[in-house]
Amino acid sequence: MADSPSTSATANTCGLCNKRERLYTCPRCGINYCGAECYKSDAHTDCSESFYRQCVEDELKSQENDPAARQKMIDILKRVHETDMENDMLQENSDKKSTSSEDYSLDSDDETELLDLKTRLENVNFEDPNDLWLALSEAERQEFEALLKNGEVENLLPKWVPWWTYHVEKKLVQPIEEDAYNNLKHPALIDVPLFNELQKASPCVYFNVTNVIHAYAYIALYYIGDYLDCAEEATLIFFTICGNMKNNDVYENADSAIESVIKNIKSVEWLPDDNQILAALKEAGASILQGPGDEKKTVYTSAALSELHRLLTKAKKEISTSKTRNQEFIKRFLQSQSGNPILSKKNILLCLKKLEYYLSWMKSIGTKMP
């Protein structure tokens with residue numbers, strides 16, 4: 001029986017404001033919504049807070065013994081604290097309808113509280129979000145959750161510049177002592193031997209690599225470069241959108257390899273797939289395949305393959321050593337992907353072997369990219 005007009009109209013209407021047309025579906029609770037305003041609204045608070053907390057939880061997992069990362073987190077928490085206090089003072093001033101131009105600053109008690117925060121974080125394991133969460137006061141936790149709810153936490157995070165954006169410009173006259181490639185800051189390359197099987201390599205290998213590289217570009221953009229901090233989920237997305245890895249698909253041209261990634265992205269309802277995202281994906285993939293310059297044309301592609309190898313290796317390790325998560329922060333924020341059948345250790349191992357083959361192939365062709 002066909003749906004009645006009223007039923008059909010309801011299905012195509014935002015389930016939060018009940019006014020505008022539904023454009024998206026929340027992957028967590030399944031409700032239809034029209035945009036970010038409704039997604040972040042009070043009616044969707046419980047679900048959206050959980051999403052933002054999971055996103056930021058990875059930002060809290062910095063290197064345990066990295067003083068720079070530790071100081072960065074302390075500075076972020078200080079800015080959160082100062083911003084909240086300044087907002088409170090401005091609000092209080094507004095309520096009193098004061099016309100004073102007094103310059104508000106932190107008093108001695110506030111400075112003591114900030115010093116106390118730094119002291120409390122001195123012996124905290126920054127790689128364990130539970131340790132960091134327990135070190136915060138109740139007020140600081142509330143401030144943190146408020147930032148997650150309104151999305152302002154993004155303003156506290158450092159801007160990410162993709163490593164593949166640096167390209168060397170050709171000069172008519174190049175000083176002998178000047179090496180234009182000294183400024184390259186790509187991820188370290190994994191060294192693999194030259195495989196005997198490369199003598200029988202198919203002409204389609206390059207197009208298969210193109211498929212893999214564009215899938216990598218998407219997850220790198222999706223996680224703003226921090227995919228290694230959420231290896232299980234990032235690997236799941238990579239397998240989902242990379243036909244060559246997931247299904248052993250073989251491509252006969254670059255266009256079909258790229259379109260396969262885009263088609264798979266669009267098949268996942270909760271993955272961003274607007275025109276701006278897809279344009280950025282194509283640009284990033286092309287930039288990686290192009291390399292920084294003619295003399296090192298393959299280095300970015302090898303770097304991306306190396307990063308994928310590290311990502312899958314970490315996901316495999318996390319799945320192998322996963323434990324029951326029963327600590328406070330984990331209970332509130334983390335959702336594991338380890339139960340998904342696509343993330344079996346056998347599947348990951350096979351894909352690691354394929355990545356090693358592609359790395360060996362890249363090594364064999366030198367700078368002669370097709």
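1. Burial and surface. Of the 370 residues of the protein, 42% count as buried. The protein exposes about 21300 Å², and carbon and sulfur atoms supply 49% of that area.

2. Confidence. The model is a predicted one. Its pLDDT averages 77, and 66% of the residues score at least 70. Over residues 323-327 the pLDDT is below 50, and this stretch has eight contacts beyond near neighbours in sequence. Residues 334-339 likewise stay under 50; for them the model has 14 contacts beyond four places in sequence.

3. Secondary structure and contacts. The protein comprises 15 helices and two strands. Among contacts with a separation of 6 or more, 68% are between residues 24 or more positions apart.

4. The nonpolar core. The largest nonpolar core has 60 residues, and Tyr216 and Phe238 have the most contacts inside it. At least two residues of this core are supplied by each of α8 (205-222), α9 (231-241), α11 (254-266), α12 (275-290), α13 (299-321) and α15 (345-365). The largest share, eleven residues, comes from α8.

5. Surroundings of Tyr216. Apart from neighbours within four places in sequence, Tyr216 is in contact with Trp163, Trp164, Tyr227, Phe238, Ile288, Ala304, Glu307 and Leu308.

6. Annotated region. An unreviewed UniProt entry lists residues 14-47 as "domain: HIT-type". Over residues 14-47 the chain is 21% helix and 12% strand, with the end C-alpha atoms 16 Å apart.

Definitions and conventions
Residues numbered from 1 in each chain as written. Predicted model: local features only at pLDDT ≥ 70, side-chain atom pairs only at ≥ 80, totals over all residues. Heavy atoms only, no water. pLDDT = per-residue confidence, 0-100. Contact = heavy atoms within 4.5 Å. UniProt positions renumbered as here; feature names shortened; annotations may be inferred. Helix = DSSP H or I, 4+ residues; strand = E, 2+ residues; numbered from the N terminus. Core = buried A, V, L, I, M, F, W, Y, C linked by side-chain atoms within 4.5 Å. Buried < 20%, exposed > 50% of the residue type's maximum accessible area, 1.4 Å probe, protein only. Areas by Shrake-Rupley, 256 points an atom, 1.4 Å probe, with all protein chains shown as cover.
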